[in-house]
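I opened a new page for this structure.

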Number of protein chains: 2
Amino acid sequence: MPSEPVADRTDPRAARHARSRSKILEEAWVLARRHGLGRLSLGELARSVGLRQPSLYTYFDSKADLYDAMFAQGNEQLWAEVASRSYSEHPGEAVKEFTRAVVAFCAADPTRFQLLFQRPIPGFEPSPESYSVALRFLERGRDLAAGAGITRQRDMDIFTALVAGIADQQVANDPGGDRWLRLVDEVIEMFLDRLNA
Amino acid sequence: MPSEPVADRTDPRAARHARSRSKILEEAWVLARRHGLGRLSLGELARSVGLRQPSLYTYFDSKADLYDAMFAQGNEQLWAEVASRSYSEHPGEAVKEFTRAVVAFCAADPTRFQLLFQRPIPGFEPSPESYSVALRFLERGRDLAAGAGITRQRDMDIFTALVAGIADQQVANDPGGDRWLRLVDEVIEMFLDRLNA
DNA sequence: GTCTATACATCGATAGAC
DNA sequence: GTCTATCGATGTATAGAC
């Protein structure tokens, strides 16, 4: 994150700065959910956290930098979600658990889902630092899939399409519910059966 | 469409009006692709078609009305795409053909895909008139699916997730290519085999 | 149907005082 | 680190002349 000041990790001033930044980021998500990611405005954001609009530039170099921080934060939350849980020793079960976790995560916040997996803001490209967090998640998924026999690129592409499709329908047509989430097991079983046939 | 003037269908003035409206709509898509749907601006749109910004209100009551017209037009294109072609007498083949057509349609224009199938603009709800075009498409898909044994709601939900997932991945990760499009047959076969097992 | 003029709000970003 | 002040641009929408 380019706007991070150079300071020791235990510097109380740096800690205070980080806390403020975190609070601003949190409010940015609230506003993005309300108005749409592309309509997020720095003026309203500043107002919401009790600052004047120019003061935000202490925390973010630009609006693009703010988007980048949101992208990184969302991916860290996703990583925390899939990395914190333990997975079954049965590889197929582990893939199902992983998929359920991802779909639930996506359904929990459609706006976050949009920023992480779709391209709602033309011109926005995550910085390499932010993207590296996303890669960690993708590698975890790839490893779990490989354990269940999903190794060929072609099969990985099908797997990602299955996960994306369930998440997409859940978010778009039943946000907050579980109409598609509960289909995860059946879909993944269908796919793994096909692979082992 | 609320802003349509009352006039006989053969009225040359109405025809001229419709032609202008169509041209504006076309340019609106160009700008939406460039800047994002949420960033579409009436001023730039007017400039692009050689009008002053207030003149657009002759053709659209509001920006929401413009979005609604775009939604309707996109759905009419989709309908033209799936209704114009003939489908195999083999029900399973017909479903594959339909799915390929839908995925190709989505991949051809990510922005159109976004407006039709995702919710990129908080607060935008299509008018009943516009949505009726979308329903025609959904019913066609439902009928074709039913012919291949996809009748239970649960199975229809899986089917829509499969189509959405392939389209989603194709649009997001290989726009203009066919990396996921070419997986349609395998995925649909897998699903139909499962149903008939 | 198109225009000028304008209202009124908001936008992202920078300069410089404190 | 936060502020005031401000730039220059852009946003949607309306009034009223032609």
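My entries follow, starting with the ground rules.

**Ground rules.** I am reading a predicted model, where local features need pLDDT of at least 70, side-chain atom pairs count only at pLDDT 80 or more, and totals for chains, interfaces and linings use all residues. Residues are numbered from 1 along each chain as its sequence is written, chains are lettered from A and ligands numbered from 1 in the order in which they are written, and side-chain values use heavy atoms, with hydrogens and water left out.

**Chain A, overall.** I looked up the elements of chain A and found eight helices and zero strands. Helices (H or I, at least four residues) and strands (E, at least two) are DSSP runs, numbered from the N terminus. From the N terminus, the order reads α-α-α-α-α-α-α-α. The C-alpha trace of chain A spans about 60 × 40 × 25 Å along its principal axes.

**Helix packing in chain A.** I took H3(A) (residues 63-84) and H5(A) (residues 110-117) next. Their axes lie 10 Å apart, at an angle of about 105°. H3(A) is therefore roughly perpendicular to H5(A). Axes are lines fitted to C-alpha atoms, for helices over the stretch in contact, and angles run from 0 to 180 degrees between N-to-C directions. Angles under 35 degrees count as roughly parallel, over 145 as roughly antiparallel, 65 to 115 as roughly perpendicular and the rest as oblique.

I then listed who touches whom, with contact meaning heavy atoms within 4.5 Å. On the H3(A) side I noted residues including Tyr67(A), Met70(A) and Phe71(A); on the H5(A) side, Arg112(A), Leu115(A), Leu116(A) and Phe117(A). By class, this contact has seven nonpolar, three polar and one charged residues. Ala, Val, Leu, Ile, Met, Phe, Trp, Tyr, Cys and Pro count as nonpolar, Asp, Glu, Lys and Arg as charged, and the others, Gly among them, as polar.

**Helix packing in chain B.** Here I checked H4(B) (residues 91-108) against H5(B) (residues 110-117). The angle is about 115°, and the axes are 5 Å apart. H4(B) is thus roughly perpendicular to H5(B). Phe105(B), Cys106(B), Ala107(B) and Ala108(B) of H4(B) make the contact, with residues including Pro110(B) and Phe113(B) of H5(B). I count eight nonpolar, no polar and one charged residues in it.

**The two copies.** How is chain B laid on chain A? A turn of 180° and a shift of 0.0 Å along the axis do it, with an RMSD of 0.0 Å. The copies are thus related as by a two-fold rotation axis. Gly165(B) comes closest to the axis among residues of chain B, at 1.6 Å (C-alpha).

**The interface.** I found 37 residues of chain B in contact with 37 of chain A. The buried area is about 3100 Å², with 50% from carbon and sulfur atoms. It is the accessible area (1.4 Å probe) that two parts lose on being put together, summed over both.

**Salt bridges.** I counted eight between chain B and chain A. Each is a side-chain nitrogen of Lys or Arg within 4 Å of a carboxyl oxygen of Asp or Glu. Arg154(A) pairs with Glu186(B), the closest N and O atoms being 2.7 Å apart.

Key. Least-squares fit on C-alpha atoms with pLDDT ≥ 70 in both.
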